[in-house]
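Good morning, everyone. Please look at the model on the screen. I'll start with the ligand and then turn to the domains and a pair of helices.

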Amino acid sequence: MNHSFDIAIVGAGAFGSSCAYHLSFSGKKVLVLDLFQPPHSMGSSHGLTRIIREAYFEGPHYVPLVQQAYVLWDKLEKSSSQKLLLPTGGLMIGNPNGKVVNGALQSAQSYGLPFEYLDNKDIIERFPAFRPGPGDVGVYEQRAGILFPEHCIQTHLELASRSGNITFQFNSRVTGLEEIKGIIRITTSAGVFEAARVVLSAGAWMNDLLPGFELPLTVARQPLYWFNPGSVLPQFSGPDRHPVYIWELADQRMIYGFPNLGDGIKIAFHHGGRQTSPGTLEREVSPEELAEITAVLKEHFHLEPEFSRSSVCMYTNTTDEGFILDFHPFLKNLIIASPCSGHGFKFSSSIGKILSDLALGNTPELDISAFSLSRFVGQ
Ligand SMILES: Cc1cc2nc3c(=O)[nH]c(=O)nc-3n(C[C@H](O)[C@H](O)[C@H](O)COP(=O)(O)OP(=O)(O)OC[C@H]3O[C@@H](n4cnc5c(N)ncnc54)[C@H](O)[C@@H]3O)c2cc1C
């Protein structure tokens, strides 16, 4: 194999696979490296489902990015003839002044997005599985839905491979990146490669690979659970009965979940997981963790559910829970793509396009200044 490339992508998860797809139209010689064979269940992109929503409680500045992501998911579905996004509607629940409800409302109002504001009685009448407290309200948006993450990654990679200008080097560990006379040397377990530009999209492993510099990232362990709700299963089935949801509880813990897609209901806490690292991640769920989520299902859904299975994933969090899409401060040909903070998947179709533009020296269509590294100066 010729070991010299125009562009290399380190990490072919959500962001790397999408970047590879967009670069496949460029005619450039591209190398895509991964530690495993993607899609896999060792990082942050497994567990079968991810929420996509437009009335974005994390801030109105995410709305144009998710709107572009919807367009690109649709385009990917059409060009692959695969079903990647299932519309289910989405419900943001909690205190009217809380982060989730108030934030969703602000984004919806700023961008004129269609939404319905529901009080707790409306929620129970329309979506009977939920048992909101007397002070809870909901912002419902019809456009929200479910992405199938493993399938999305597979599709991006398959379509990228059709171009013939992408080389895949999987099951290979990148161990070092250094820039010599403007060219990046990539040392891996499969040999040494060179590229004029590198996109580093290594998820929870980012800080292992950054030369001379550490990003303000922490990795959190986040378990996911599937339950069988028993005789009330129909209340959890079908978009008009049970949308995807994020619920800010009275004690500020956040839960999110999905309707039954044939394998029971999936539920998890959003954030709050203990600090970990990819090398030390405990992949089994403890009885205490199971008891905590079961108590939530009892209190907020009035369920006595039967546990079916669990999985453990990693959030890579920045201090402001935003993304980082920027050039390395000293290595001018190294692009950093670390957009997890537990909510990055939905954007991966458009973030891959942004990364490919940066790698090609083009200015991205969307303003990405909110995701610059400079905001962390002094941290
Ligand atoms: C439990 C959970 C639920 C989530 N729910 C949602 C949701 O509902 N909606 C949403 O939008 N987002 C959600 N997210 C966030 C979203 O899934 C992540 O932001 C996104 O998947 C991260 O993608 P990534 O490409 O950064 O990382 P990954 O997909 O993990 O990819 C990183 C890749 O880098 C590779 N790699 C690492 N080190 C090396 C090395 N040394 N050499 C070569 N390759 C390397 C890894 O093997 C991996 O394939 C959730 C995340 C989790 C964990």
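**Around the ligand**

By class, the shell around the ligand holds 20 nonpolar, 13 polar and 4 charged residues. Nonpolar here covers Ala, Val, Leu, Ile, Met, Phe, Trp, Tyr, Cys and Pro; charged covers Asp, Glu, Lys and Arg; the others, Gly among them, are polar. This is a predicted model: local features need pLDDT of at least 70, side-chain atom pairs count only at pLDDT 80 or more, and totals for chains, interfaces and linings use all residues. Residues are numbered from 1 along each chain as its sequence is written.

Which residues come nearest the ligand? Of the 37 around it, they are G11, G13, G43, G203 and G344. Near means a C-beta atom, placed from the backbone, within 6 Å.

Where does the ligand lie? Domain 1 (4-46 + 150-214 + 320-376) and domain 2 (50-147 + 218-318) both give residues to its shell, so it lies between them. The bounds come from an automatic or database domain assignment.

**Two domains**

Taken over C-alpha atoms, the domain 1 and domain 2 centres are separated by 27 Å. Their contact takes 29 residues from domain 1 and 30 residues from domain 2. Contact means C-beta atoms, placed from the backbone, within 7 Å. On the side of domain 1 that touches domain 2, α5 gives the largest share, 4 residues. Helices are DSSP runs (H or I, at least four residues), numbered from the N terminus.

A14, S17, S18, A20 and Y21 in α1 meet P149, I153, H156, L157, L159 and A160 in α5. By class, that contact has 8 nonpolar, 3 polar and no charged residues.

Key
Contact = placed C-beta atoms within 7 Å. Helix = DSSP H or I, 4+ residues; strand = E, 2+ residues; numbered from the N terminus.
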